[in-house]
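Hi,

Here is the structure I promised to pass on. Have a look at it first, and then read on for what turned up when I went through it.

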Amino acid sequence: MAPADGTGYIKGGIIKRQRVAIVGSGLAGLTTAYLLNRDNFDVEVFEMGAKPSLDAASISVTNSSNSKLAIERVDVPMRAFAGGYYTNLLAMYKYLEIPFRSQRFLFSFSRTEYSENPQQTMARNETGNMSGYSGVSRSSTGDETPYFIHSSNIHRFPPVKPEGRTWFEHLAEALYLWFAYTYFTFCCFWLPPVARTFTKPVEGGVSILTGRTESLREYLKRIHLPEYFVRNYLLVLISSVTTCPHETLLNFPAVDVTRYKKFMHKQPHYMVEGGVCQIQRLLLEGVRIGMQRKVLSIEPLSNGEKGTGPILLRWEELSTGVVHEREFDQVVLAVSPYCVGKIYRKLSKQMSRIPCCEAEVVVHYDERVLEDVLDQSRVLPPVNDTAEKQCISAAPYPSAKLGQLLGSCRKLLGNTDAHIIQFRTTTHPSNMIFHKSATPWSLLNNGQSVPSLVTESTHIHPPGVLLTTSTIYPLSQDKVLGASRFVRVLRTPDSRDVVEGLFRGKGVSMKKGYVDEKSEEDVDDGEEWRNGDEGVWLCGGWCWDGMVLLEGCVRSAVRVARELGVEAPWKAEESWDDN
C-alpha cells in the first residue's frame with residue numbers, strides 16, 4: 001500500500017515517488033498540482049483544450065487611455081472576488097504575491113420585453129448584410145431604460161438617478177429598496193434557513209437521519225420577503241453570480257445565499273491586476289501538463305482503501321486520435337460532475353443528482369446591448385462606417401458609437417473609477433436558449449426545461465470591450481471578439497446532501513439508502529463511496545458546502561493535498577463558523 005505522503009512507496013527496496021494524474025486545469029486542478037508538486041509528488045495534468053483552462057478564454061486588448069498604448073488582459077469570465085467569503089482565495093493570492101486591487105461597481109437594472117421564434121432566423125448586421133443565426137429570434141418591444149442604478153457598498157450617495165425617472169419615482173424606489181434590503185439582511189443574520197429532517201428505520205431498530213435544508217424559494221416565502229424586491233433585485237443580482245435562470249436559482253439551498261450575503265456584507269470587491277494569467281503561470285511552474293488530451297475513463301485496480309493504487313487512466317490524444325493508457329497511484333478529477341460521471345462510471349448515479357447547465361460569455365463591442373438600456377441613442381449623432389473604422393484604429397473604443405455611448409454614460413454617472421455592470425431581465429418566463437447555444441441548459445442533467453425569467457449581464461470593461469453573459473438578443477458577429485461556453489454546476493438541497501455524503505461523510509448514506517424528498521420512499525443509490533477511496537479524488541468549485549465559486553476551488557484543492565500529507569503554505573479555513 002502506498003503511504004499518504006509524498007515519499008512514495010517501497011518497491012524492491014527503492015522509494016518511489018507517487019504518480020498523480022490531475023484531470024482538468026482550472027483553478028482547482030492547478031492549485032492541487034502546485035501543492036503536490038512542491039512536496040515531491042510526480043504530478044501530471046491532463047487538459048482537453050489547447051490551453052490551460054483557467055485563462056484559456058481570456059483575451060488581450062489594446063488600451064490607449066491617457067494617450068498611452070498598453071496591452072490589457074481581460075478575464076473571461078470576469079473573476080471578481082471579495083473579502084469575507086473568499087478567505088482561502090485571498091490567502092493564496094497573498095502568499096503567491098498576486099497583485100489585486102479594490103474595485104467598485106455600479107449596477108444598472110433594467111427590464112426587456114421580447115418576442116421569440118424557436119426556428120432558424122436571419123439577423124441583420126449593421127452593414128445591412130444578412131447573417132445566419134441558428135437558435136431563437138428575439139426582438140425588444142418595450143422601454144429598457146434603467147429603473148435603478150445601485151453602487152456597490154453604497155459608495156455613491158445619494159444613488160444615481162436614471163434618465164427618464166422623475167425625482168419622486170427615484171426617491172420612492174430608493175426608500176423601498178432600502179427597507180427591503182435591510183429586512184433581508186436582518187433575516188440572513190438572525191433568521192437562518194431551517195432543515196427538514198427525514199428518518200428511516202434500519203437494522204436493529206435504529207433510525208438514520210437525512211437532512212434537507214430549505215430551498216431559496218421556501219425560505220423567501222417563509223420570511224415573507226416582498227415579491228417585487230425578489231423579482232427585480234435579489235434574483236437579478238444572485239443569478240448573475242450563479243449564471244442560471246431565476247427558477248433554477250430558487251431551487252438552490254437557501255443557506256448558500258444567506259451565507260454568501262453574511263460573509264460578503266460590507267466587504268470590498270477585488271480584481272486581479274493583469275488578469276488570472278499570472279496565477280496560472282505561477283501555479284504551473286515545474287508542473288508537467290499535457291494539452292489536447294481527452295480523458296476517457298479511469299479504472300481503479302486497488303482493493304478500495306484510501307491512498308492505494310494503481311489506477312488505470314485512458315485518454316485520447318485529440319491531435320492524432322490515438323488512445324493511450326497509463327497507471328497512476330492517485331487520480332484527481334478537477335472537473336464538473338457531468339464529466340466525473342462519464343470518466344468514473346462508479347459515481348455516475350451520484351453525479352446525475354448534481355445538476356449542471358451550460359453558460360456562455362461573449363466578448364464584443366456591439367453597442368446595441370447598451371444603447372436602449374442607457375437611453376442615450378436618441379441624442380447621439382449618427383456614426384458612418386468611415387468614422388467607425390477610424391475609431392477602431394484609434395482606441396480607446398473599438399466602435400465610435402460605443403465610445404459616444406460610454407461617454408454619455410460617464411456624463412450621467414460622473415467621474416468614477418467604478419466598473420459598470422448592466423443587468424437586463426426578461427419580463428416573461430420563457431424556455432430560453434442562450435445565445436448561440438444549441439441545447440437548453442437542463443439537458444446536461446437529463447432534466448426538463450422550465451420556463452423562467454433570465455438576466456443578461458454585461459460588464460463594461462474600461463478598454464471599451466463588453467463581456468455579456470446569457471445574451472438575450474443575437475449580436476453582430478462582425479463585432480464579436482470571442483465567446484466561451486462553460487459548464488456551470490448548480491445546487492439543490494438534494495445535491496447538497498450528495499456533496500455532504502461524498503466529502504464529509506454526513507447527510508445521505510449512499511450505501512443504506514436515503515428518503516426521497518418527494519415520495520419519501522427508500523432509494524438504493526448503490527455502493528457507498530467517500531472522497532479518496534481507491535485513490536480517486538474530486539475537487540472543484542462544487543466540492544464544498546457553498547456557492548460554486550473560486551473559493552470552493554481552493555478549499556477543495558487544499559483538502560485533497562492535506563489528505564495526501566501536504567499542508568498548504570498559506571493559512572486556510574476549513575469550514576464556516578455558522579450552521
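**Strand E25 and its partners**

Ile421 stands opposite His459 in E25. That pair belongs to the pairing of strand E24 (residues 419-426) with E25, where six bridges join the two in an antiparallel run. Before going further, please keep in mind that this is a predicted model.

On to the next partner: E25 is also joined to strand E26 (residues 466-469), by four bridges and again antiparallel. Within that pairing, Thr458 has Thr468 of E26 as its bridge partner.

How many residues of E25 (residues 455-460) are buried? Six of its six are, so the strand is described as mostly covered, with buried meaning under 20% relative accessible area. Both faces are covered. Thr455, Ser457 and His459 are buried on one side, and Glu456, Thr458 and Ile460 are buried on the other.

Gln103 sits in the loop between strand E8 (100-102) and strand E9 (105-112). Is this residue buried or exposed? Gln103 counts as buried because its relative accessibility is 5%, and the cut-off for buried is under 20%. Setting aside neighbours within four places in sequence, Gln103 is in contact with His269, Tyr270, Met271, Asp417, Ala418 and His419. With His419 there is also a polar contact between the side chains, at 3.5 Å. Ala82 lies 21 residues away from Gln103 along the chain, and their C-alpha atoms are separated by 9.5 Å.

His269, one of the contacts of Gln103, is found in strand E17. At 18% relative accessibility, His269 counts as buried too. Apart from neighbours within four places in sequence, His269 is in contact with Phe81, Ala82, Arg101, Ser102, Gln103, Phe105, Ser152, Asn153 and Met264.

Strand E17 (residues 269-272) pairs with E7 in the antiparallel sense over two bridges, and Ala82 has His269 as its bridge partner there. These strands belong to an open sheet of three, in the order E7-E17-E8, with antiparallel pairing. Strand E7 (81-82) and E8 are the edge strands, since each pairs on one side only.

**Helix H2**

The last stop is H2, which is mostly covered: seven of its ten residues are buried. The buried ones are Asn88, Leu89, Leu90, Ala91, Met92, Tyr93 and Leu96. Which elements cover them? The cover includes helix H1 (27-37), the strands E7, E8 and E17, helix H8 (277-283) and H15.

Two packed helices are described by the angle between their axes and the distance between the axes. For helix H2 (residues 87-96) and helix H15 (residues 550-563), the angle is about 75° and the axes are 7 Å apart. That angle makes H2 roughly perpendicular to H15, because 65 to 115 degrees counts as roughly perpendicular. At the contact, Thr87, Asn88, Leu89 and Met92 in H2 meet Leu550, Glu551, Val554 and Arg555 in H15. By type, the residues of this contact divide into four nonpolar, two polar and two charged.

After H2 comes Glu97, whose phi is positive, near 60°.

Note on methods. Residues are numbered from 1 along each chain as its sequence is written. This is a predicted model: local features need pLDDT of at least 70, side-chain atom pairs count only at pLDDT 80 or more; totals for chains, interfaces and linings use all residues. Side-chain values use heavy atoms; hydrogens and water are left out. Axes are lines fitted to C-alpha atoms, for helices over the stretch in contact, and angles run from 0 to 180 degrees between N-to-C directions. Angles under 35 degrees count as roughly parallel, over 145 as roughly antiparallel, 65 to 115 as roughly perpendicular and the rest as oblique. Contact means heavy atoms within 4.5 Å. Ala, Val, Leu, Ile, Met, Phe, Trp, Tyr, Cys and Pro count as nonpolar, Asp, Glu, Lys and Arg as charged, and the others, Gly among them, as polar. Buried means under 20% relative accessible area, exposed over 50%, partly exposed in between (1.4 Å probe, protein chains only). Two strands pair if DSSP finds at least two bridges between them. A polar contact is a pair of N or O atoms within 3.5 Å; within protein, one must be able to donate a hydrogen and the other to accept it, and residues adjacent in sequence count only if both atoms are side-chain atoms.
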